[in-house]
Amino acid sequence: MKLKRHEKIIELVNKYEIETQEELAKLLNEAGFRVTQATISRDIRELRLSKVNSHDGKQKYIAMTVKDTGMSDKLSRVLKEGYVSSTEASHLVVVRTVSGMAMAVAAAIDAMELSGLAGCIAGDDTIMCALRSDADVDMLLGRINKVVNQ
């Protein structure tokens, strides 16, 4: 049942501009899936859905997909559009983003699958990336700059 629900969620976010968990729950209920807000929240996390700005200035959920060869064009675009700046602090990199874009940019950074990246924590407009060494810090900053400046 969970797999079918997840497939339906992906179908819905690709078809509609869904802005809230309530909208998603309503569409799922109409499709025959009985869900609670807690279930929706868990599914969003498991499916790694992110919110991005839509063409009309509102936000919508999108399914973040990663190509086997690295970052997808979509993730690269999210990083470019959301990135503001980054600073190094020991084995940490603090990344500033456009307001509301931190989760999506963090997902793009996670999708880089850098072996030296221990993890990212995202707020509204700030991400803290924990790295294993100074060399990994330099590698992450280099990769971010390469994507942002393409």
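**View 1. Asp43 is a buried residue of helix H3**.
Asp43 has 1% relative accessibility and counts as buried (under 20% relative accessible area; exposed is over 50% and partly exposed lies in between, with a 1.4 Å probe and protein chains only). The residue belongs to helix H3. Helices (H or I, at least four residues) and strands (E, at least two) are DSSP runs, numbered from the N terminus. Leaving out residues up to four places away in sequence, Asp43 touches Arg5, His6 and Ile9; contact means heavy atoms within 4.5 Å. This is a predicted model, in which local features need pLDDT of at least 70 and side-chain atom pairs count only at pLDDT 80 or more, while totals for chains, interfaces and linings use all residues. Residues are numbered from 1 along each chain as its sequence is written, and side-chain values use heavy atoms, with hydrogens and water left out.

**View 2. Helix H3 has a buried face**.
H3 covers residues 37-46, and its buried residues are Thr39, Ile40, Asp43 and Ile44. Seen down the axis of H3, these fall within an arc of 135 degrees, so they line one face of the helix. The arc is that of the directions from the helix axis to the C-beta atoms. What covers them? Helix H1 (2-15), helix H2 (21-30), strand S1 (49-53) and strand S2 (59-63) are among the covering elements.

**View 3. Arg48 and Glu113 each have a positive phi**.
Arg48 sits in the loop between H3 and S1 and is partly exposed, with a relative accessible area of 39%. Glu113 is not a glycine either, and its phi is positive, about 50 degrees. Its loop runs between helix H5 (102-111) and strand S5 (117-122). Is Glu113 buried or exposed? At 65% relative accessibility, Glu113 counts as exposed.

**View 4. Strand S4 pairs with strand S6**.
S4 spans residues 92-97. Val93, Val95 and Thr97 make up its covered face. Leu92, Val94 and Arg96 make up the uncovered one. S4 and S6 (residues 126-131) pair in the antiparallel sense, over five bridges; pairing requires that DSSP finds at least two bridges between the strands. Which residue of S6 is the bridge partner of Arg96? It is Thr126.

**View 5. Cys120 and Cys129 form no disulfide**.
The search of the whole structure finds zero disulfides (a disulfide is a pair of cysteine sulfur atoms within 2.5 Å). For Cys120, the nearest cysteine sulfur is that of Cys129, 3.4 Å away. Cys129 is buried, at 0% relative accessibility.

**View 6. Helix H6 has a buried side and an exposed side**.
H6 has 15 residues, 134-148, and should span 21 Å at 1.5 Å a residue. The expected span is 1.5 Å times one less than the number of residues. The end C-alpha atoms are 21 Å apart, which agrees. Buried in H6 are Asp136, Val137, Leu140, Leu141, Ile144 and Val147. Seen down the axis, the buried residues fall within an arc of 135 degrees, so they line one face of H6. The face turned away from that side carries the exposed residues Ala135 and Lys146. At the start of H6, a side-chain oxygen of Ser133 reaches to within 3.4 Å of the backbone nitrogen of Ala135.

Terms used
Polar contact = N/O pair within 3.5 Å; in protein donor to acceptor, adjacent residues only side chain to side chain.
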